[in-house]
Structures are given as structure tokens and as C-alpha cells.
Amino acid sequence: MPDIEYTPRASQLLNRAINTCKSYRHEFVTPEHFLLVLLDDEVFCGALFPYFSAEKLEEKLKKHLDGFEQLPDGQDYTPEISVQLSQMIEQAYKNVYFSGATQIDIPHMVSGLFHLENSWAHYLLTEAIDGEEESFLSDVISMYEYEDANDDDEENDEDGAKNEAWRKFVTCMNDIVASHNPLIGREAELERTIQVLCRCDKNNPLHVGEPGVGKTALVYGLVQRIVEKKVPDRLKGCKVYQLDLGTLLAGTQYRGDFENRLKIIMEGIETEGNGIVYMDEIHNIVGAGAIGESSMDAGNMLKPYLERGDIRFIGSTTYEEFNKYFSRSKGLVRRFQQIDILEPSIEETINILKQLRPKYEQFHHVIYEDAALELAVKSSAKYINDRFLPDKAIDLIDEAGAAVVSGNVKSETGINVVTPKLITEILAKTCKVEAMAVKEDDTERLSTLQEHLSAQIFGQDEAIRQVTEAVLMSKAGLTDEDKPLASLLFVGPTGVGKTEVARVLARELGIELVRFDMSEYTEKHTVAKLIGSPAGYVGYEDGGLLTDAIRKTPNCVLLLDEIEKAHSDIYNILLQVMDYARLTDNKGRKADFRNVVVLMTSNAGAQYAAQAAIGFSGNVTRGEAMLRQVKKTFKPEFLNRLSGTVVFNDMDQTMATLILRKKLGQLQDRLRAKKVEMQLDDEAFRLLLKEGFTREYGAREMDRVIAQKLKPLLMREILFGALKQGGTARVTATDGRLKIEN
């Protein structure tokens, strides 16, 4: 542990205890000597006065000390510290170390004395105060803090008011209001606040609203009105003090420290007169300072001041914390007048940003275009879903200005201008809203989206058309804004490209693919993992896998693979997603699906498709056979909420040929890294096509044939043969087997 020094008064007290010990000719300095000299300290006696007479306690101590063995006179010696006094000092040292204080003071040593249960000093002092150790120690702390405060005042006579003890724990908002953003709008809420403050009883407004809607700004708006004297006479000359409970609790070491500080502050503000106390995050006063089962917390201590009305209080908190903490104290709730601070509309927020523009332009030395401000508000409202206006829009323009100043954005004209394009880039970087999601004007890439998909997915033109149209429809703004970009069900045999469409779509849109294998959610209890386990169950703290994934990547392609294998409860969860683009997890947090393309794949009905052309139902197509089975497998309300159901075609010869060429091309790309060129003759290509093409297994059979027939030959040549240093691998086929000719 680090060295900790004594305060001058504590050091002086110990020296006096040593001298007293010598005057008695005692060999050891004991806690009794310490307590005896402590009774000569006026501050300590002031704390003891309500409990017991200092003179009587001194008589008892002297009588006890007279019974100690004395050393002979005339012999010079230095008394030693007794074991019990060492234990007392050690306990005082621990009190200082664990409380974060810097020096050992007299209250620390008094606290240490109370830990010496076998000491006469402890017994006599405890008897004097009738066992009220906590209360007495609190009074000792208070008396010494008062002495410190008075000493500070005496040392600073010229400016004594500024050094009053209570001012250390509050901030006068009248002095700093000029450095904050002006209040724009909120006229009704401000007038209601002023009206409540002018009441005779219960004149304490409580602002309740979501984080970032402007609760603190409203208080600064009130302070600005008070400074400008644009308030009723009853509020003119008032000073608003911000009380920070964190600062108030910091450094409290003993039982009673916190209560004493709060009492000093309230008495100081009361003496000052015309005081209004502002408490941000006011729900923290419920339980603050309470110890064990004690009900004496900050909230209960403030009730008398709230009742009297001499000091007015303004509190602010969120709906969640109000319901969770503040509403538990009915006595506090009835002493406040609740004022709801709602999120401003998009039009109101645009007006706020336009009026704040000069401040941010001056700070960042940039110019904000009107279109940039409007886009900042509209895009933040649309894409940033876990925060509220106007805070999130202000953050966006501030970040854009900082990007210009830091040199991350180069100006072509020499004038630093924040444009809509820059706002889009900042949104993509800082808010996880990626690429195509915010590029409303990037129509060139969208116009070729179908072509790009068709170039990579073969034989599924109708499926690609439906996917592309769903995306383009949402980009054109013709779909409901409170639904996902698209909700599509892909139905078809295995290996025909259902999952591949999702991968390619995510890559082409420049967004992430979030995939869930629904075969992992076949049991009823496993479905809870998607939104989080209920309270009290294992995994509650982990949150929901699906909701957390969407919160991390709110703009993505969500692939729910093999949806028919999941438990039927999953469909009830997805109904909410497809209908309102919202999903609430086990802790009440919402995940927003408005910028998500939801794709679900299913093999349902594929096994019946092959029988479509058999018997009396010969005129039924394979797709119709699949759709019939899909309607039996999925609930009507689930199918009714889909943007569309896409039936994938079976693999045919043409499709298989195109897929084989694509996969060989991918293999060639990997070989080029080894400086190897691969050439297949027609016979080898036909052999791979013949063995890799099956209607039953689709393209996956082709992967297996390439992995088993072709790759082992290339592997041996690259590792041990003629292709060690690269070269050309000519692949031919003889008697149904592939071989490499160099």
C-alpha cells in the first residue's frame, strides 16, 4: 500500500498523546492516552456534548490511567506504541486507503478506536455515547468538515462566498448558460415548467422523455430566460444550481458523510435564497446513500425541502428509469409535477438544425447546405433507430463538420461545404447503415441489379425478377415504410440456388448477409434464443441472437435457411417482423427490420414435385405441386404477410452446363495464385457434366465431383509433380477417368 501522511491536527494529536504518556511515566502509549488528549480538542468535545459530559469522561479516563504501572523518576526514555494503538492506526490507515482520501485525519482515528473491542478507551467512549457509534461518528465528521469550511472562509475573506462548502458540490447554471446551445421551440413545455415553478405548493417540475429529446436543453432555456429577466416576477433573480449525485457520493468514507453533505447543500441554497435545484437523472436519488436495510436515502432526505417549497426542484429522467426506480417512491412522485417531453417531428428538427447552423459553421469553419441538414434529419430518423431526434441529427452534422476539419474529406472548390453526399458517407461509417441503403440517387447500379444477379445465378430468371422488383420497389418509396424491404419465401429442390441468391444479392447491394440455419431451432425452447431467454432462465443476460444481430447490422440481407425445419412458434415471431418490421427482445429493446431484406428458403413440397406429371394430375406443373404443399406446411397468416413466394426451377442440362463453367472458373482463379493455368478438353468437361448433373441433388453434386475427380489430380501435381513452379495443366478424359497432361 502507498504511504499516507497525517493531517497536521492528527499528527499534533499523536505527539500530545506521547507527551501525556511520558508525563504519567507509562511505558506504552495506549488508546486511552489518545482519547484523553482528544477530550482537549474543542471540535471533538462539540460532537460529544449532546451525548455525554467531556469532563466526566475525562475523570473516568484519568482514574483508569492512574492504575497503570509507572517507570521510576529521573530516567529518560521514549514511550513505545502499544499493540492496541497500532491496531487503531492501522484501521484508520485502511479507512483512508479504501475511501480514496489522501491523509489520515482525526475522524479516521476515532473510527479506528471503535474497532478496538477489548480496549478500555473503546468501552468508556461507547458507554458515554450509549452505543450510538454510527450517529456519533457522523457528528464527528460533520464537526470537522464545518471547521474545514470555516477555515477556508477565513483564508479567503475577500471572496468568501465562493469558498462556502456547499458550492463545491453544485454548478450554477446561470454562469455557464452562454456556452450552451440555445433552446429552439419547446414553447409549450417551457411555459408549463415556468407555471409549475410559480405554484405555491408542489412547485417542482419533472421532465420525463426519451434520451436525446432535449430535457437538459429545456432547463438551459429556462435559465436563459431567467438571465434575460423574461420570466414572471416570482422567478426573477433566481439561480439554478445543478446537483450531481456522482460528485456528492464521491469520497464519502463514513456513515453519515453523504447525508451531511446533502444537508449542507440544502441549507446553503436555502440561506442564499431564490434557489432552484436541477437534478439530471433524478431517479438516482432513490436509494442513493442508503446503507443495508435503511430507508434513509437521498430521496427521503429531500422530502422536507420538497414539501416546504423554499427551494424548488427540477428533475429529469427517462420513461424507463422513471417506471423502474422513481415511481417506486410514491412520496416523491406526488411532490413533482410530471411534464412529458416528446420527440420533435422531422419538420421541427429541421428548424432546430437551421437555427443551430451558425454555431456549428463557426466552430468547424464550414458551410452547411440546406439539403444536407434536411438529409441529416430525415436519414437519421429513418436509419438510426435506437436514438431520438434532435440529438441524433445534431450528432450527424457535428460529425460531418469534424470530418471536414480533420482532413478526411477533400474540397474541390477550396470552400469547406457539408453536402448531402458527405452526410450519406458519415451515416454509412458511423451508424452501420451501409452502401446502397442510403444511396437514394445511385440508380445506375440498381438498374443493372437484375443483370448482375442473372450473370451469377443460372436458370432462375423468374426468381431473380421477383427479388429485384421487391428491392427496387422499396427504393422507389412505393412500399410501406413500416415493413421490411422485402419478405420472400424461396421454394425449390436442393442445390438449385436458393441460398446462393441471398449471398449474391447481399454482395451486389454491398451489405452484409446474416444467416440463421433454422434446423437449429427445431425444439420449442430453442426458439427463445432468437429473442432471448425469459428472466430467471439460463441465457437471459446474453440477449437474443436475432435481435442482437439486426441491431448490429440494421441494413442487411437476413437469410433464414430451411425455415420449414424450425418449430412452429418461429412463425409467430416472424409475423411481427413482416407486419411491423419490429422485434422486441427479452429486455424490451426493439430491433428494427425496416432496412432488411428477409429471405426464407424451404424444401417443402420438393419431394412431391417429381410426382406432378403422374396419374390424373398430369396437367399440374412442378411449381404448382410445390405451392400446394407450401400452403399445407405454413400457416395462412404467415403466407399472407410475405411479399412473394418464389418457386425455383429444377436443374436442367443448360443450367448445369453454366454452373459447371462458373465453378471451373472459380477453381481457375485459385490456381492462378499458384501460377497454374488449367485447360479442360471437351471430353473432360462432358465427363464432369455427366457425373455432376442430377436433378435430385442439383449443383451440390457438381461440387462433389470436382472435389473428388479433378482437385486431387491438381493437388498432387502442385505439391509433388510438374506444377511445383507453376505451368499449364491440360485436363483430358480417357475411359471415364480424368488425367493431367503436362
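His365 counts as exposed, at 63% relative accessibility, in this predicted model. His365 is not a glycine, yet its phi is positive, at about 55°. The residue sits in the loop that joins helix H17 (346-364) to strand S11 (367-368). Most residues other than glycine have a negative phi, and most peptide bonds are trans.

**Backbone geometry**
- Arg25 also shows a positive phi in a residue other than glycine, with a value near 60°.
- Arg25 belongs to the loop between H1 and strand S2 (28-29).
- With a relative accessible area of 17%, Arg25 is buried, whereas His365 is exposed.
- A cis peptide bond, with omega near 0°, links Leu389 to Pro390.
- Pro390 lies in the loop between helix H18 (370-383) and helix H19 (391-405).

**Largest nonpolar core**
- The largest nonpolar core holds 46 residues, and the members that touch the most others are Leu38, Phe44, Leu48, Leu125 and Phe136.
- Two or more residues of this core come from each of helices H1 (8-23), H2 (31-38), H3 (42-48), H4 (54-65), H5 (83-99), H6 (106-113), H7 (120-128) and H8 (133-155).
- H5 provides the largest share, six residues.

- Beyond its neighbours within four places in sequence, Phe136 is in contact with Phe44, Ala47, Leu48, Tyr51, Val110, Phe114, Leu125 and Ile129.
- Another core, of 37 residues, lies apart from the largest one and includes Cys556, Val596, Val598 and Met626.

Key
Residues are numbered from 1 along each chain as its sequence is written. This is a predicted model: local features need pLDDT of at least 70, side-chain atom pairs count only at pLDDT 80 or more; totals for chains, interfaces and linings use all residues. Side-chain values use heavy atoms; hydrogens and water are left out. A nonpolar core is a set of buried Ala, Val, Leu, Ile, Met, Phe, Trp, Tyr and Cys residues joined through side-chain atoms within 4.5 Å. Buried means under 20% relative accessible area, exposed over 50%, partly exposed in between (1.4 Å probe, protein chains only). Helices (H or I, at least four residues) and strands (E, at least two) are DSSP runs, numbered from the N terminus. Contact means heavy atoms within 4.5 Å.
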